[in-house]
2 protein chains.
Amino acid sequence: MNLKQLSLKLGLSQTTVSRALNGYPEVNEATRLRVERAAAQYQYRPSTRAKGLATGKALAIGHVIPISTRHEMVNPVFGDFIAGAGETYARNGYEMILSISDDAQEEQVYRGLKARRAVDGVVVHGPRIDDSRIRLLHEIGLPFVVHGRSSGVDLPYAWLDMNNRHAFQRATDFLLDLGHRRIGLVNGMEFMDFAHRRRDGYAMALLARGIPVDPAIMQSHEMTEVYGYQATRDMLAQDNPPTAFLYSSLVSAIGARRAVEEAGLVMGRDVSIITHDDDLSYLKNGGDIPIFTATRSSVRVAGAKVADMLLAAIADPDLPPQHILLEAELMVGRSTGPAPRKD
Amino acid sequence: MNLKQLSLKLGLSQTTVSRALNGYPEVNEATRLRVERAAAQYQYRPSTRAKGLATGKALAIGHVIPISTRHEMVNPVFGDFIAGAGETYARNGYEMILSISDDAQEEQVYRGLKARRAVDGVVVHGPRIDDSRIRLLHEIGLPFVVHGRSSGVDLPYAWLDMNNRHAFQRATDFLLDLGHRRIGLVNGMEFMDFAHRRRDGYAMALLARGIPVDPAIMQSHEMTEVYGYQATRDMLAQDNPPTAFLYSSLVSAIGARRAVEEAGLVMGRDVSIITHDDDLSYLKNGGDIPIFTATRSSVRVAGAKVADMLLAAIADPDLPPQHILLEAELMVGRSTGPAPRKD
DNA sequence: CGCAATTTTCAAAGCGCTTTGGATCAGGCG
DNA sequence: CGCCTGATCCAAAGCGCTTTGAAAATTGCG
């Protein structure tokens, strides 16, 4: 069933039917009702493509998911983010289109999206320090919102970020307050902006108390379980091992627990652990009492907000770029405790 | 840059330019070259929407991601599956469009996709027993491939599935061979077809050795870490606790390890654990030596194959429905060992 | 060289929608 | 009654592409 057939069936012109359905005022309320009823009856839905062609809008938002080339890894956060954003799109009649891309073709993917006029805007995932995509999108004139920020970029752009620096500063302070003086950092890849900021917050907290930042107890990698395990195991085996650790992801923290237990230590007593927690639906940090003390910020909520920002920016292109900075919540769980006394 | 502008610039008709770019034979090889060069120079890419309108194809594949209403959970497997499928689509000039939907609106989402002519086909995720979506898609005539199968559906349909029954039968046999006689099952929701089949395989293996299937040591739930923990803890607290467990997901198995250690037991000695492992990129089951003994089958590979099947089915609608049954690999890790002697 | 057979190119229609610029119709007013 | 207004409705153009049917250019061959 298309517009023409529907209008024929109703004995009306396509114009009138189109207007009735799109809520224009120049159509009699009675006929509008008649049209709407018929549309429902015949399950008529305008073709997105035709509508897009006619209006010049794509009615679609692109998400370009970077896949780390070396590690072939998909960010586990992705599913929940998309779930948040998807609801917003559906409510507003937008489709979500996904592209997978490794770092090498990333630019081509964005250019392609623009040239094919496939989307009205895109969400930039996993921004790196001084991320070239921001300049690129500015240049080709594709509206976008960044999930995260990119240090070093001086162009204005819209973003939603979690306050990574503050979260890790606070987490570090919390450990310092518990008496820990040697705190390991098991971070994500530090060319990723979020990891860079987290490290910053960590370092700031240490320096504020006159504690030196020691590269020997700082690691940076893709945040897998195995990495969390290895990094922790290696640091615990050092001469002057940390009594506490900070993790950038619950997944790595899980690996950490494995290492701690394998070393015959008890988490929360011999070793304290704090992790960042994206509040993923399938990886809740325990029930009422968190397993790990954590800085929590829901990535699903972030997805919904980013989608809102992008749709708003598309609706009104003159709007100045919006910024949202979410604060993580510090949840005290059972993985932290006072620093063990030195005997 | 659109077709018209490009053809003007070349002094050719739109027809010729279009044909040159789409590889039709009735165009001089010299002009084709000239056209292709110009297209590259001006970064010309045909508008997907216009092309779709003209050809009647959407050049897009839909993925409808079910979100469990009660648990608001996104399947963690999803990211990797999409990564596998996405590459195939990109290579073939297709877009991937994603819709989020809870169980209640699922039917409307598929109908909408069809009515709006937004996709040429869809991938059905997370099939349930006697899944109504299969009949629906047949009815509305939207090509599809199911990732998994649906017991009880008598209509023919294309699917790719992992041999769940066999995998769990084999895993159970493995434990039985180690001397275990009391084996717990920590399964996914059993209205999900895969969980149903896994339970079947488990039960068959037990019955083949004359061991009764005991509901007291079988649980079924969304496969979260917390669930794995609680189910294991509860079963271990029973009078006649299992000496071995089977898990439907690595995530739950991680929770299991937590419960085992909390109970002061040692995994692989006091308690044996086997889990299914989807080989997710961010949740590898250890390095060379698996942490958990596991039945492994890459969901990313599954994604790529499903995409291939769907594109083939769309290209040739007369093709009979294809079926692919993948066998899981049994990886022996450090979480299993001989059944502890009864003292 | 001339004519038919090919090759190469093109104008125009059509895909399903929106939107512009009128038409038509009823009602109101002098 | 005639004209103007506002409310309804409509025909047709246009969005950017593909594809049909035909024209123009080239080639082959006697």
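Which helices of chain A and chain B each supply at least two residues of the surface near DNA strand C? In this predicted model they are α2 (14–21) and α4 (48–55) of chain A together with α2 (14–21) and α4 (48–55) of chain B, where helices are DSSP runs of H or I with at least four residues, numbered from the N terminus. Because the model is predicted, local features need pLDDT of at least 70 and side-chain atom pairs count only at pLDDT 80 or more, whereas totals for chains, interfaces and linings use all residues. Side-chain values use heavy atoms, without hydrogens and water, residues are numbered from 1 along each chain as its sequence is written, and chains are lettered from A and ligands numbered from 1 in the order in which they are written.

**Surface near the DNA**
- DNA strand C is surrounded by 29 residues, a residue being near if one of its heavy atoms lies within 4 Å of the strand, and among the closest are A:Leu3, A:Arg19 and B:Glu26.
- Of the atoms of DNA strand C that come within 4 Å of the protein, 61% belong to sugar and phosphate.
- The largest share of this surface, five residues, is supplied by α4(A).

**Polar contacts (pairs of N or O atoms within 3.5 Å)**
- An N or O atom in the side chain of A:Thr15 is 3.1 Å from a base oxygen of DNA strand C.
- Phosphate oxygens of DNA strand C lie 3.0 Å from a polar side-chain atom of A:Tyr44 and 3.1 Å from a polar backbone atom of A:Ser47.

Conventions
A polar contact is a pair of N or O atoms within 3.5 Å; within protein, one must be able to donate a hydrogen and the other to accept it, and residues adjacent in sequence count only if both atoms are side-chain atoms.
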